[in-house]
Every structure is written in structure tokens, then in C-alpha cells.
Amino acid sequence: MRSGHGNSLRLMPVLFIAPALLFFVVYVILPIFQSFYISFHEWDGLGEMEWVGFGHYAYLLDDDRFYTSLKNNLLWLALYMLAVPAGLFIALYLNQTVRGIRLYKSMFFFPFVISQIVVGLIFSWFYNPSFGVVGHVFEFFGASPPSILGDERYVTYGIIFAGLWPQIAYCMILYLTGLNNVAPEQIEAGRLDGAKGWRLLWHVVLPQLWPATFLAIVVTVIGALRSFDMIAIMTQGGPYGSSNVLSYYMFETALSEYGFEMGYGSAIAVVLFLIMLCFIVAFLWKMYQDEKDWR
Amino acid sequence: MFPRPIEQAPKHRRLIYQLLLPVSLFIWLLPLLAIFMTSIRSAKDINTGNVFGWPSSFEMFANYSGVFLRSNAGQYFLNSIWITIPTVAVSISLACLAGYALAIYRFRWSMPLFFLFIAGNFVPFQILMVPVRDLSVQTGLYNTVTGLVLFHAAFQTGFCTLFMRNFIRALPFELIESARIDGVKEWRIFWFLVLPLVRPAIAALSVLIFTFVWNDYFWATVLTQGEASKPITAGLNALNGQFVSNWHLVSAAAILAAMPPVIMFFLMQKHFIAGLTLGATKG
Amino acid sequence: MKRALASFAMAAMVLAGSANAGELVIIFDDPNPGPKAAFEKVVADFDAANPDITVKLSINDREAHKTAIRNFLSADAPDVTAWYPGNRMGPFVDAGQFEDISGLWASDPNLSSSFEAIKPTMTRDGKQWGVPYSYYQWGMYYRKDIFDKHGIAEPKTWDELLAACAKLKANGVTPITIGTKYLWTAAGVFDYLNLRTNGYEVHNDLTAGKIAYTDDRIRATFGKWEELVRPGYFVENHASMSWQDAIAPFAKGEAAMYVMGNFAVGAMKDAGLTNDQIDFFQFPEITPGMPRAEEAPADALFIPSGAKNKADARKFLAFVARPDVQSEWNIAIGQLPPNSEAKVGDDKFIQEGMATVSTASGLAQFYDRDAPAEMAKAGMEGFQEFMIKPDRLDAILKRLDKVQKKVYK
């Protein structure tokens, strides 16, 4: 039983929570509502706001750039998910006890620690058809190199590929920890029943890895929808907006050199928020179920 | 263990595995190696397209010092430190308090508040951008290190609270119960009993928040503009503009920017991983 | 809540002990070594001439400056800031964030007499809002040695240009280099094609939103552009190159021409080219008899209306307008002084640039400065897309019309 006794126990939690809550409300919770409010206005960040109702949302429906971004967001979500099985694969590959394996594990984790800006820079250079690695590889084979970041057909895939690198590392580490917690008896029992390889993985190991898988999916979804840094440094949404995603399109519209439409930008942000909200609700629901069990 | 330990496999497979390990690591880290090699090349190698070959001369010192001499990288670096360290301190302190309250006390708002912190932690930054920027501009916190610290601390508080609350919850509650029976005051329980017990969680959070905030680019772009407060990530983008086509310098700057989190990670690896897995391994 | 925070901020500012009487805060927008040093020299000279004034200079990265100005003008205004004339100053003038300095223009004999040519671009609502310190010409930079090798003369007409391109292409040289990753370079090409096809008025009407993009005149401009795009006269992969990256093929001799602003000469020389190898010609005539207008963007200094030390700021602007200051500054950065009394550098490109702009029938600021920012962004993306997918012209123009309707309400 965790019930309180006396007045102090009723007052204490308030005192303990108040500072964190104040900060959080001012900088995170209130701004969400303000963004909704701003999205119903025309505002350039300087003058007075002008009420336009659902005008921005109506315009969104007819905005090619918005659809391109939305499509790319879905592409990010789908392809980023590859990080989950890929991370599992590497984790299984490294889940051994040979000498020096600890160092290998941490070296494989390396890409995640690095700023996405740095990863983006590395890959921009990699992809550069005139100076980069890809360019030299193609020239070596006597072919003319593709302009990965300058061609609407490849650009999004190129950026996602770069983004997968750290994300796979992240999923890998989640699985490595998960594998540590897998009950050895169950695996042995499975082996005695004659299960091997894939069957063992699928029927015995994966169910036990579910918490790791869940976490990997959550962080990958968030990562995919938050993709901003890479696009900012690699293409700025180009060529002609074809690699844009909602997060960058919003920034570009509301706060870049070429746009100060805070209202329209906020409308884009609201759409992005609503997409994320589906995942947040799902995640909270899962947490809630877990909490109920805990009590 | 799964997969079956390689020690139990035939000798040749063991050998193959051990040979394969360094090869796969090499391929995995190829982008990093390539950028490192570039960062020690001369400008001539870059212009003549010597990307894979042996560097014609080693310019490590010249390139790395060049980054500091020819740009504001030094200032950006300092800014990053001044932004990151206070953020870590503030957000973790707040989260210790809040996490304690949410874990130990039972009150009607405990669950909704907890969920509020979790949910807030996942929102896309863009939904906060315009209002937070506006708030910073109006309070004079725009383009100051303080402004960035306050925002980051507030935002990271969500994650830290989630983490702390779960960690404290997993502590044996009887300890607190018996202290209460002994008549120990609440804040003394927190300070002398709980805080020492959550040190592993604090360590894990410190490395994580350090890395998150150090690597932040979005808020640096939104809330700062010049040398005085721009951190190294945003600075790197400026350098990229300034050193166009000077890939040896850009690479050196990129490696410099990546160093602090990398060092932090290697020094506190165990805590780092415990943090990422949301304390699933109990720190 | 907001009001409370604002008053809190006020209190904080008062406590922080706002700038001392003689302090002048300046924000400049070019951290590159050359321009930075040149401006620091100007500031140092001003300091020396005005011992009672201390200048506090801070320099932003140019791209950052373009977004930051929105914030610091309202949050913590400096006394002087760098910005750009034409439509680009419009939003701030309209929002009352720039100080009207018509008085200074009228009373300062130097400003009132020596800036006639550029005065219109500094004027909005019949008032002047800033002082220009530099401008530069655009045009066609080319590899003279390559032209000579293939016996090509500087093209004067569109047909001559096409012939030159064909000849270069046949000899394995890509005629024109460009890097459109950051979009605005494509606007330079568009502006010239449009100025030469339709003239200065159409440029202004288009950027002012008075002509639709699907207008036949604009289509004609794109038609000319197509004559360069279809045969592959621009370098490949331009969408992944910055303007500096695009110098590499030019320097290696793989490409022979570059539609650029004069600031590119320095970068070309850094890439190993000499004065003998590079030269300049005015963008060739397209519609015969069309008066020749040029791109000549100017950079200027403004006083924010929230400045604390406006008196000294005016002094600084008057100082910057002086012919001797403009001469020295522009010779240092290799650009043209807007002050007609100032001396022009004897560098051949500066001389040629002076000859080009001083005889022009009109000076355009540049597509992305003349058009409102949102329109410019959409337009330049359209230009880039057209250069890669010329077949999509119709869709692009229709989209631009839609954006135009939204922007110019």
C-alpha cells in the first residue's frame, strides 16, 4: 500500500512535481495548443494575426508540396522500419562471447552516438558525384555516376539509407540488451523439443524479445517522423521539394529564408502532430496496460 | 543463449566467425573511416580526386587546427558545453523530484501527470516551434545560451521523469515505509534515502541527455543566430557553407563535433546503454 | 501570460543596464574572411574618427542572418543591421521595423547628390530606408583560353550564343556550368533570359505579381531556356552542386561559361584560374532592340526602429556613404561602390562591371529579392525542376500561378 498519512503527504507530491510541471507546461504543453490556435490565423511573425479559420487547412489539401512531403513521410516510416529487423540481425550476429566482443558491440553502436548533422555531412560527401565515394566507384567501373541527392527518383532513398545507419545501431543495442534477458532455460527447452534456427528464433526467442521489439518500433517511428536534421543538411528538401518531409516543410514555411508563414507552418505542424498522436496514443495505451499489471 | 554459442560450433566455423567480425566492422564503420581519412588529407588530394588512395601527405594537424583558426568553431564548441551541461543538471534535478513524487505518492493526478510527461516527450518539435520561438523572442531569451538551456531542460524533463519514476518505483518500497514509520521527514527520505539509491539512474540520464542535447540541431537553428550562442552542430552547418568543397576541413570539423559524445559514450558505456533501454536492465 | 512575460523581459533589460550612451551595436552578415576584414576596417576607421562612440560589432552567417533578422528586430534590435533593398526590405518597412531615414538622405549633401542611380531601390512608400554600401554586376563569365582554342568570339546575340554552345559541346566541353542546389543560381539565368526576351518592365511586373507565370511572354522566356536545356548545354548533376561546387568543372576546363555575379571571380581564382583564363561578357541580346537591363543586387545598411542609439547610427550610415569610404571598402571586396563619386577598382572585372551597369537601361535586384520570399522560393524550385524536367513546364507554371495567387493578396 502506498497511501499517505497526514497532511504533509498530500502536499509533498505537489511540491515535488511543481517545478518540473511548470517547465513542462510552459515549454511543451501550452505551445501545442498555441500552435493549434496560430494555425487558424494568417501571421508573418511580425504584425497582427488575422483569423482565417480553416483556410490554411483547405489550402493544404491543394498543395502539391504538402502531398510530396506526406508521401515521403510515409516512405520514411515504412523504410525506417527496416532498422528493426536489421538491428535484430546484427544483435544476433554479435551475441557471442568470443574475446573482444564487447569492444565490437560498442563499435557497432558508434553511429548512433554521432550527431545526425555529422552523419548527413558524411553521406552528402559519400554521394557527391564529382568528389565523393559513389562518384569514384562508378568511375572505376567506367560508368557515369548518378546524382543521388540531385535526382528526385533517388534522393529520398539516399537520405533514408543514411538515416538507417544510426537507427540500426540503436535497434541493435535494444536487442542486445533484450537478448541478455532471454531465459536460457526456455531456449534449452526449445532445443530439446528439436527447434532450431529460424523456428527457435520465431517461436521461442522473439516472443521473449517483445519488449525490445516494442521499444525499437517506438523509437523508430519517432525517428522517422522527426527526420529533420539529415534533410536540412543534405538537401534542404530539394531538388525542387522532392525530398521534403512534413517536419522540414513546416520549418521551411514558417521560419526559413523564403517563408514566414507562421500560420500555414503551424497548420502543417498540426497535421504532423496528429499523425504522431496516433502513435502516442497507442504507446500510452500499452503503458497503461503494463501499469495495471504492475499494481 | 541464442544463437548457439560459437564455441560449440566446429572449429572452422569459429574461425570464419572471428575473421568475419573485423571485416564486418570495417564495412559498418566505412563511412566514418572514410571521413577520418579525408580529414587528414591535403587539399590537393581532394582536388585531384585521391579519395581512396594513400594520402599524399598527412595534414592532420594543419586541418584540425585550421578548423579553429579559420572559423568560429572554438566559440561554437564552448557554446555547446555551456548549453549541454546546465541542461543536464536542470532536467535531471527536476526529474528526480517529479519522478519521486510520481513513484512514491498515490494521488488522483499521479497517472494522468505521468502520461502527460510521456506524451509530451514524443511530440514532434515542429508543433512547439512557433510558440517557443515567439516566447523566447518576447522574453529576450532568443539567441542566448540560457534560452536554449531552458527549453532543452524543459523538454528533456519529460523523458527524465519517465525514466526516474520507473527507476524509483522499482526500488524496495519497504525502505521508505519504514523510514516514515520512524518519523523521518519526507524531504529527508528523498534526500538521504532515495537520492543515493538512484545514482545509477542519474548517471545513465546524464550521458543520454548530454548526447541528445549536444547533438541537437533543430532548436539550435530555431533559437539562435550568431556566434554568441550557436552550438557546434548548427555551427557545423555554417562551416559547411563557409568551407564549401574543402572537404578535408569539413570532415575535420565533423569529427571534432562528434568527439565529445563519443568520448562520453566510451567512458560511461554501461550507463548509456542502460539509459537507452529505459532502465529495462535496472541500470 | 504573454504580457507578463513581456514585462518581465523589459525589467530584465532595464536591469541589464541597456547600452551605454556612446555604444553602437552593429550586426553584419558576411563572416567570410575578405568581406569580414573589409568591414572591420570600416568600423575601425569610424571608431578612430569618433572617439566618443564605441562600436560593438557582431557578424552572422549570411543564411542565418536572413532568418535571424526577424527575431532580433523585435526582440533585441541593434543600432545598425545589414540587409537588402528592393522587395526584401518590404516586410520590415511595412511592419514599421526599419527607421525612416529620408531626412538623412535629404540633409546629407553626399547622400542626396551621389546616389541618384540607386535611390529608387532604397525607396518604398516614397521614403528612403537604408544606405547601400556595395553592389555588383552579373553576367557571363567564361574561359577565354577555351574560347580561343576553339575560335569562338564573345557572343553578342542569342544565335551566336547557341552557336558557341553547339561548338563547345561538339568539342567535348559542356557549354555552361551551374550549381542549383541552393536554387538562386537558376534565378540568375531566368532573370537574364527574361530581361533579354521581355525587358525590365516585365521583370518588375512578374515579380510584383502583375503578370501570371502562364503568360505567353513568360512562356517565351522558358522557350529560350529550353533551347539551352534540351541539347544538354548545362552541366549534369547541377541539382546536387552549390555555386562553389560548380566552379570545379569550370576550373578543370570541362565547362566554359558561368552565369554568375562578380563575387565568383575570387572563387575562380582560388580554384587556380588566372586573369588571362577568365573573362566576362554581357548576357547576349535575345529580342533585337530590347533596351539592355542588368542584374545588379545591392547590399545595404539599415537602422531598426527599435535601435537605442539612432543618432550615432545615422552618423555611421552617413560615414559609410562617403565616397572615400565606399572606394576603399569596395576595392577591398572587389565590388562596385553605389556612390557615383567613389573610385572604382582597376581590376578588369570591376572595370567591365562598371561599364556594364552604368550604361544599363535598368537595374534589377535579382529574382529572389524583387519577388516576395515565398514566391521566390516556389519560383526557383520551379526553375530548378524545369532545368531537369523541361517536359513538366505546364505543370510548373500552373503551380506557380497558384502560389502567386496566394502570395499577392
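What follows is a short chat about the chains, their domains and their contacts.

Modeller: Quick note first: this is a predicted model, so local features need pLDDT of at least 70 and side-chain atom pairs count only at pLDDT 80 or more, while totals for chains, interfaces and linings use all residues. Residues are numbered from 1 along each chain as its sequence is written, and chains are lettered from A and ligands numbered from 1 in the order in which they are written.

Biologist: Which helix of chain B gives the most to the side that touches chain A?

Modeller: Contact here means C-beta atoms, placed from the backbone, within 7 Å. On that basis, 78 residues of chain B meet 82 residues of chain A. Helices are DSSP runs of H or I with at least four residues, strands are E runs of at least two, and both are numbered from the N terminus. With nine residues, the top contributor on the chain B side is α14 (residues 247–267).

Biologist: What about chain A against chain C: how is the chain A side divided by class?

Modeller: That contact takes 23 residues from chain A and 24 residues from chain C. The chain A side comes to nine nonpolar, 10 polar and four charged.

Biologist: How far apart are the domain centres in chain B?

Modeller: An automatic or database assignment sets the bounds. Chain B has domain 1 (6–67) and domain 2 (71–276), with 12 residues of domain 1 of chain B in contact with 12 residues of domain 2 of chain B. Taken over C-alpha atoms, their centres are separated by 33 Å.

Biologist: Why does the radius of gyration of chain C agree with a compact globule?

Modeller: The rule is 2.2 Å times the number of residues to the power 0.38, and the radius is taken over C-alpha atoms. For 409 residues that rule gives a value near 22 Å, so chain C agrees, having 22 Å.

Biologist: How many helices and strands does chain C have?

Modeller: The C-alpha atoms of chain C fill a box of roughly 70 × 45 × 35 Å along the principal axes. Its secondary structure comes to 20 helices and 13 strands.

Conventions: Two residues are in contact if their C-beta atoms, placed from the backbone, lie within 7 Å. Ala, Val, Leu, Ile, Met, Phe, Trp, Tyr, Cys and Pro count as nonpolar, Asp, Glu, Lys and Arg as charged, and the others, Gly among them, as polar.
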